[in-house]
Amino acid sequence: MKESVLDFVKIKQTAETWTREAGEYIKDQMASSSFAISTKANQHDLVTDVDKNVEAFFLDKIKKTYSDHRLMGEEGSFEEIKDLNGTVWILDPIDGTINFVHQSSHFAISIGIYQDGHPVIGIVYDVMNNDMYSSLKGEGATLNEEKIPPIINHPLNESILSFNSGWMLEDRRLERLVKEVRGVRSYGVAALEMAYVAVGKLDAYISFNLAPWDIAGGYALLVEVGGKATNYEGKPLDFLKKDTLLAASPSIHKDIFHIITK
Ligand code: IPD
Ligand code: CA
Ligand code: CA
Ligand code: CA
């Protein structure tokens with residue numbers, strides 16, 4: 001079944017309600033500190049029971065409410081997804097798990113709802129700050145119901161960037177970038193860093209080896225405010241594989257692309 005615009009208005013409301021519900025569960029779990037923590041690939045890669053339970057919560061809700069929608073989530077449900085035909089929810093149940101475990105802040109629930117591979121709804125929920133960034137295709141993006149204005153193109157020497165420190169070790173051209181911009185930050189939560197670009201707290205976010213669930217929600221937001229996101233080669237993002245990311249205002253995207261391709 002193909003959804004209409006009105007269907008997506010309702011789906012967005014429902015997704016936001018579920019996201020707030022999942023956020024309450026995460027806060028309760030954090031308060032009780034009783035969840036199990038384990039490493040996945042290496043010490044940089046943590047997962048907790050809470051990540052898995054949030055994904056299971058969305059899987060159950062989606063199956064019961066929208067039986068023809070599919071879920072691609074980080075904690076296992078991605079294995080079912082080999083294409084993006086129809087309506088697919090791309091979910092990171094907790095983006096920034098290391099922050100969740102070590103800092104009790106700066107983590108988000110990220111959802112991109114895509115139709116035939118194109119973003120329709122974006123949700124990035126900063127759980128501890130109760131900040132709901134959301135967007136609907138063609139209708140713009142909001143932060144806590146307030147319209148987010150179109151993205152501003154600052155000059156490079158007045159811009160603030162964020163990137164994953166590991167990428168600095170991989171690509172020494174970023175050293176030049178560090179010298180040319182006003183400041184560099186690293187928050188460790190890709191979805192929120194993309195939302196920060198959308199609201200102008202950051203002018204760009206650069207990272208590598210990001211999965212579709214890290215970027216699907218943030219990308220949906222960003223396009224609604226006139227931002228630009230591609231991989232490091234300037235190619236369109238592919239929501240079926242891991243890749244590099246350059247997300248920015250259009251002019252900063254151009255400036256950074258110029259530096260990193262030199
Ligand atoms: C991670 C965060 C982090 C990024 C990593 C991601 P996770 O997601 O978004 O900022 O640098 O590449 O894997 O594992 O906390 O969901
Ligand atoms: Ca992870
Ligand atoms: Ca993530
Ligand atoms: Ca995650």
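Leaving aside neighbours within four places in sequence, which residues is Asp 214 in contact with? They are Asp 92, Asp 95, Ala 190 and Ala 191, where contact means that two C-beta atoms, placed from the backbone, lie within 7 Å.

## The model

This is a predicted model, in which local features need pLDDT of at least 70 and side-chain atom pairs count only at pLDDT 80 or more, while totals for chains, interfaces and linings use all residues. Residues are numbered from 1 along each chain as its sequence is written, and chains are lettered from A and ligands numbered from 1 in the order in which they are written.

## Two domains

The chain is divided into domain 1 (5-147) and domain 2 (156-260), with bounds from an automatic or database domain assignment. Their centres, taken over C-alpha atoms, are separated by 21 Å. Across the boundary, 30 residues of domain 1 are in contact with 24 residues of domain 2.

On the side of domain 1 that touches domain 2, strand S6 (118-126) supplies the largest share, 6 residues. Strands are DSSP runs of E with at least two residues, and helices are runs of H or I with at least four, both numbered from the N terminus. This side of domain 1 has 16 nonpolar, 10 polar and 4 charged residues. Here Ala, Val, Leu, Ile, Met, Phe, Trp, Tyr, Cys and Pro count as nonpolar, Asp, Glu, Lys and Arg as charged, and the others, Gly among them, as polar.

## The annotated binding site

An unreviewed UniProt entry places the feature "binding site" at Glu 74, Asp 92, Ile 94, Asp 95 and Asp 214. These residues span 141 residues in sequence, yet no two of their C-alpha atoms are more than 9.5 Å apart, so they gather at one spot. UniProt positions are in the numbering used here, feature names are shortened, and annotations may be inferred rather than shown by experiment.

Ile 94 lies in strand S4 (residues 87-95). Ile 94 counts as buried because 28 C-beta neighbours lie inside 10 Å. The cut-offs, with C-beta atoms placed from the backbone, are 20 or more other C-beta atoms within 10 Å for buried, 12 or fewer for exposed, and partly exposed in between. Asp 214, in helix H7 (residues 212-224), is also buried, with 24 other C-beta atoms within 10 Å.

## Around ligand 1

There are 14 residues around ligand 1, and those that come nearest are Asp 95, Thr 97, Asn 164, Gly 188 and Ala 190. A residue is near a molecule if its C-beta atom, placed from the backbone, lies within 6 Å of it. The shell draws at least three residues from each of domain 1 and domain 2. By class, the shell has 4 nonpolar, 6 polar and 4 charged residues. S12 gives the most, with 3 residues.

## Helix H8

In helix H8 (residues 250-260), Ile 252, His 253, Asp 255 and Ile 256 are buried. Down the axis of H8, the buried residues fall within an arc of 165°, so they line one face of the helix; the arc is that of the directions from the helix axis to the C-beta atoms. On the other side of H8, Pro 250 and His 258 are exposed. The cover over the buried residues of H8 includes helix H5 (173-180) and strand S12 (204-210).

## Two positive phi values

Most residues other than glycine have a negative phi. Ser 33 has a positive phi, near 50°, and is located in the loop between helix H1 (5-32) and strand S1 (37-39). Asn 130 also has a positive phi, near 55°, and lies in the loop between S6 and S7. Ser 33 is exposed, with 7 C-beta neighbours inside 10 Å, and Asn 130 is exposed, with 11.
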